[in-house]
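Dear colleague,

Please find below the structure that I am handing over to you.

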Amino acid sequence: MDHSALEEFYTRYSRELSLLRMLALDIRWSWNHVTDTLWRQIDPTLWRATKNPWMMLKRVSMDRLTYVFSQPQFLELLEDLSKERETMYQSPAWFQQTYPESPLKRVAYFSMEFMLDEGLPIYVGGLGNVAGDQLKAASELGVPVIGVGLFYQQGYFRQEIDRFGNQQVRQPYNEPGQVPVSPLRKSDGEWLRVQVRFGGFTVWLRCWEVYAGRVKLYLLDSNDPANLPVHRTITNEIYSGGPDHRIKQEIILGIGGWRLLQALDEIPDVCHLNEGHAAFLVLERANWYKETYGVSFWEALELTRAGNVFTTHTAVPAGFDRFDAGLVGQFLGEYAVNELNIDFPSLMQMGRKHQDDEHEPFNMAFLAIRGSAGINGVSKLHGEVSRKLFSDLFPRWPLSEVPIGHVTNGVHMATWDGKFSDRLWTEACGKDRWRGDLETVSAEISKVPSIDLWEMRNESRSHLVNFARRHLANQYKLGGQDSLAAQTEKMFSKDALTLGFARRFVAYKRSNLLLMRKDRFAALLKNSDRPVQLFIAGKAGPGDQVGTGLIREWVTFIHEFGLHGKVGFLSDYDMAVAKQLVRGVDVWLNTPKRPWEASGTSGMKVLVNGGLNLSTLDGWWAEAYDPKFGWALGDQQDHEGDPNWDDWEAEQLIRLLEEQVVPEFYNRNAEGVPDKWVDKMRHSMSFLTPRFSANRAVREYTESYYLPAATRYLERAIQSGERSERFLQDRAELHANWSNISFEQIAWSEKESGRKVALVAGLGKMNSDWIEFQLYAEATDEYEQETRIFQKEAFDAAYGLTHYSLTIPGDRPQEHYSVRMIPKLQGLSYPLELALIRWWE
């Protein structure tokens, strides 16, 4: 097509092309399939091959577009879909309806990775899964969230498995024109770029935007021609290189990410740090406040931390990013002195447990904690684990009061449900079921007849088998195994009990637990009367010899026992493969070593599809498990020091499969339905699916963390300079007078109404409204934890003493109780922001 014809095409169809571009760049199509018919009409073959509207729009011919633009039905559909999109985004959602006068105007969600769709491969696994699913749920609920992350030119590696089971690493390039991102432009059309400085160099960062429904995701990359070649590659790969490469990526995310928001004039009330990678954000947010309001860095940090929320996903100390002082000095020493106006040792102290230990490395999680006013783990058990991990930062505080809560992860059900389960849920609960408060979902899905649930399960399994056959055919061809490729159409059964296992291949996930009973497992797989089959997928980190050895062990097992039609190792585990697996398997296996799995989300994804879980009692399953939902490994205890525990659980796992899972699947009624199995499906779908949805998780974050953080930040930092200055003065005065308080006397006496405790204390110059005296007792097997507050009775001016008292029941031993004093300055979060505590000794 010559230039004039091209110009005429774009002029004639400018509106149609603009509408198509708008729809294609809104990645909502990845979970809401109302536009599928439109893309299918443009080019059915290309749509089947890509399922990516933006990629398709980039490849389709102008002749084809000219043809569809001439079709009235197509144009009518295009207009309808565009209006429907606009109307939906302008309509009030859950957040606007529930909190119409909310102080929360904007949440900035910082994460190293986001899993929105396989067509935008800027993720590795669980962390990105949580981030992507929470953005989608925030969009549907109307929570005002924007995402901030990095745009990786190569993302995470692609995997091939050779005939010997060796993992081969491939690094294709993410061509920006082929993925649904757009350059973020200023009002004058110029591409927005921000800069950071480290190691003596200025590094320019290009800014991109992704539309995900109501939510925007902003991405940064360093591949700017103005940068040195060594700096252009910083954002090439996710989690690549050594500590020097990682710290540069995290500087770009935290410091560069805030500067992007500043350049857009989109200053958030709340910043959510999804793991410690983003912790440098707390420095730059305070730096911005310092420059804007003319206070010191330390004052700015105290004022801005009120609006920061930190989510930790790590269950072991080794999982935190740590950098030695030399590295931090190389990349942030100049920043600390010249921009933050603090000395370098003071910066290092913010990232150390023992702040005066010059040999201790800088821990990003410690910086995040010291820069936030809300912290949470990602499951109930992980909250307990995290309180132990960080307890040293809160000396003398009881473990139960270490200020770390939990919001158990959830998954975006509309992303992970298959077409068969979606149809069933839609008929039972409606198309908008995941966009509100979920109050009626459980009751409605529980009414679905057993025959319909079982039919959905059979269709889903059949679809997975068809996918696995195609996938393995290509996989075997690439590996030079043509004879196996030719047999794939006869491999696997659409009626057999289908197990799934897909994880990162690392030691603590214990992917080889079943192989500790390989003879019995092989016999189970080969049983012709009650056949069982297994699909496995997962990557080992490049250079991880233990992980790649675990992959080889499975491939060897398949070869050794002749199980190519019973066990399929699906290479290149990504979001596309994950969707097929969680939609089709009957049972999801998960075998981490407790308590190393912070949450886990893969097992949640099978819930909406009627899949059942067989998992270690770790992460989310530790709080979800009930025999009516599935099966459990372990005993709710930690056995890290027991060298025989893996063997014990391997035996338990194979026996569960032999004695419970397989029989329940194959015990059928007259209609061919396994009643007991379908009962488990019904209970799991109706009770667990809404409970472990991203909808519930985002509403919980909003109500328990975002709204309180926005209120704190508004009251502390934004309302007036005078109010902020008073807060800082009061805090300093409280700290200065703390050590001058004296415990003078405690007296216990028995009364008819109970036991009276009288306390006399010398407060010195301390404002009595800023402290609280408490009677505290730890929980025991017989008694719950108690915290009772002393009430002020009188002030003895002659001696400068204040009298307090309280009355408690007399049924608990006196020696259980201790008297303590804690700060109570209004607006401060204790002990997170001020870990002072005094005990009567």
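**Salt bridges, cavities and a surface patch**

Lys186 has a relative accessible area of 38% and is therefore partly exposed. The model is a predicted one. The side chain of Lys186 meets that of Glu190 in a salt bridge, with 3.5 Å from N to O; Glu190, at 39% relative accessibility, also counts as partly exposed.

In total, the count comes to 51 salt bridges. One of them joins Arg158 to Asp572, with the closest N and O atoms 2.7 Å apart. Arg158 belongs to strand 3 and Asp572 to the loop between strand 17 and helix 25, so this pair ties together parts that are 414 residues apart in sequence. Arg158 is partly exposed, at 26% relative accessibility, whereas Asp572 is buried, at 16%.

A further salt bridge links the side chains of Arg812 and Glu786 (2.9 Å, N to O). Both residues are buried: Arg812 has a relative accessible area of 1%, and Glu786 one of 15%.

Turning to cavities, a search of the whole structure finds six of 30 Å³ or more.

Finally, Phe201, Leu228 and Val230 form a nonpolar surface patch with about 260 Å² of accessible area together. Phe201 lies in strand 7.

Definitions and conventions: Residues are numbered from 1 along each chain as its sequence is written. This is a predicted model: local features need pLDDT of at least 70, side-chain atom pairs count only at pLDDT 80 or more; totals for chains, interfaces and linings use all residues. Side-chain values use heavy atoms; hydrogens and water are left out. Patches are made of residues with over 30% relative accessible area and no salt bridge: like charges are joined within 9 Å, nonpolar side chains (Val, Leu, Ile, Met, Phe, Trp, Tyr) within 5 Å. Accessible areas come from the Shrake-Rupley method with a 1.4 Å probe; for residues, only the protein chains shown count as cover. A salt bridge is a side-chain nitrogen of Lys or Arg within 4 Å of a carboxyl oxygen of Asp or Glu. Helices (H or I, at least four residues) and strands (E, at least two) are DSSP runs, numbered from the N terminus. On a 1 Å grid over the protein atoms alone, a cavity is a set of points where a 1.4 Å probe fits but cannot get out, and a pocket is an open set with protein on both sides within 12 Å along at least five of seven lines; lining residues have an atom within 4 Å of a point. Grid points are joined across faces, edges and corners, and a volume is the space filled by probe spheres set on the points. Buried means under 20% relative accessible area, exposed over 50%, partly exposed in between (1.4 Å probe, protein chains only).
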